[in-house]
Amino acid sequence: MTDLWQNAMDHAVALARKAGSVSVCLSFCLFIGEESVAAGEPCVLTDNPTWIVDPVDGTTNFVHGYPFVAVSIGFAVNRKLEFGVVYSCIEDKMYTARKGQGAFCNGQLLNVSDQKEISQSIIATEFGSNRDTEVVDKIFSSMRKILCLPIHGIRGVGTAATNMCLVASGCVEAYYEIGIHCWDIAAGAIIVTEAGGVLMDVDGGPLDLMSRRVVAANNKIIAERIVKEIDAFTPLRDDASTETED
Ligand SMILES: O=P([O-])([O-])O[C@@H]1[C@@H](O)[C@H](O)[C@@H](O)[C@H](O)[C@@H]1O
Ligand SMILES: [Mg+2]
């Protein structure tokens with residue numbers, strides 16, 4: 001019998017390797033990756049061309065055999081995303097977006113939902129991995145307030161990259177989370193905007209890729225409505241120990 005998970009892992013490894021080998025060819029490119037940062041490499045976004053990679057987004061899902069796992073590869077120049085690729089391995093869905101050229105899933109053009117009524121919306125979010133009770137209380141409090149607006153429902157597939165692609169696909173109106181990392185959302189961010197969506201911080205300001213806070217929505221009306229209900233907190237920034245002057 002085919003080993004589904006082995007196939008998924010082989011895809012993830014092949015994609016990550018490809019990104020790595022291109023990165024070696026283009027030696028002027030920098031690299032931010034979940035594993036490289038865990039190994040002590042810097043996590044700093046400069047104006048230089050930079051790969052921002054999560055080889056396995058949805059690690060907990062992967063470990064438990066919960067069937068949503070994605071490879072997430074973003075590429076930024078001058079701190080702006082140029083393109084993003086999210087491969088949802090088990091679903092065999094390849095999401096791609098190039099700046100100014102639209103977003104696609106397996107070659108099909110993506111468009112966000114045109115819903116403007118929060119009461120008719122599905123919102124994606126996650127419980128996250130922080131088990132500090134104050135943080136958990138804020139997460140539950142935000143969810144409770146959003147659910148009781150009311151909305152149609154709350155969903156979350158356990159990978160930030162895929163949640164963002166679901167916004168781009170029009171399946172959910174918005175996704176928000178505090179505690180994600182830049183490699184979880186970089187590729188998804190450009191996929192959302194190229195599908196016609198918006199990005200912002202959980203306080204309504206501009207998205208800061210390093211702040212570990214994100215709202216991705218089909219439009220500003222829905223995004224700003226959610227922002228009003230989020231009990232925001234401020235995790236340690238991704239670039240906290242590696243901030244530079246530029
Ligand atoms: O660790 P990992 O599986 O690559 O990434 C995970 C995210 O995609 C997930 O949605 C989020 O809730 C977790 O906090 C974590 O960041
Ligand atoms: Mg991840």
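Two strands are said to pair if DSSP finds at least two bridges between them, and strands (E, at least two residues) and helices (H or I, at least four) are themselves DSSP runs, numbered from the N terminus. In this structure, E8 and E10 run parallel and are joined by 2 bridges. The model is a predicted one, in which local features need pLDDT of at least 70 and side-chain atom pairs count only at pLDDT 80 or more, while totals for chains, interfaces and linings use all residues. Residues are numbered from 1 along each chain as its sequence is written, and chains are lettered from A and ligands numbered from 1 in the order in which they are written.

**The sheet around E10**

- An open sheet of mixed pairing is formed by 5 strands in the order E9-E8-E10-E12-E11, and its edge strands, E9 (153–155) and E11 (198–200), each pair on one side only.
- Strands of a sheet pair through backbone hydrogen bonds, either parallel or antiparallel.
- With strand E12 (residues 213–217), E10 pairs in the antiparallel sense over 5 bridges; in E12, Arg213 is the bridge partner of Ile178 and Val215 that of Tyr176.
- Strand E10 (residues 174–178) is largely enclosed by the rest of the structure, because 5 of its 5 residues are buried (a residue is buried if 20 or more other C-beta atoms, placed from the backbone, lie within 10 Å of its own, exposed if 12 or fewer, and partly exposed in between).
- Both faces of E10 are covered, with Ala174, Tyr176 and Ile178 buried on one side and Tyr175 and Glu177 buried on the other.

**The shell around ligand 1**

- Of the 17 residues around ligand 1, those that come nearest are Asp57, Thr59, Glu126, Thr159 and Ala160, where a residue counts as near if its C-beta atom, placed from the backbone, lies within 6 Å.
- Strand E2 (50–57) and helix H3 (59–64) are the elements that give two or more residues to this shell.
- Ligand 1 lies between domain 1 (4–109) and domain 2 (118–227), because both give residues to the shell around it; the domain bounds come from an automatic or database domain assignment.

**An exposed loop residue**

- Arg131 sits in the loop between strand E8 (122–124) and helix H4 (133–147), and it counts as exposed because it has 8 C-beta neighbours inside 10 Å.
- Arg131 and Ala76 are 55 residues apart along the chain, and their C-alpha atoms are separated by 32 Å.
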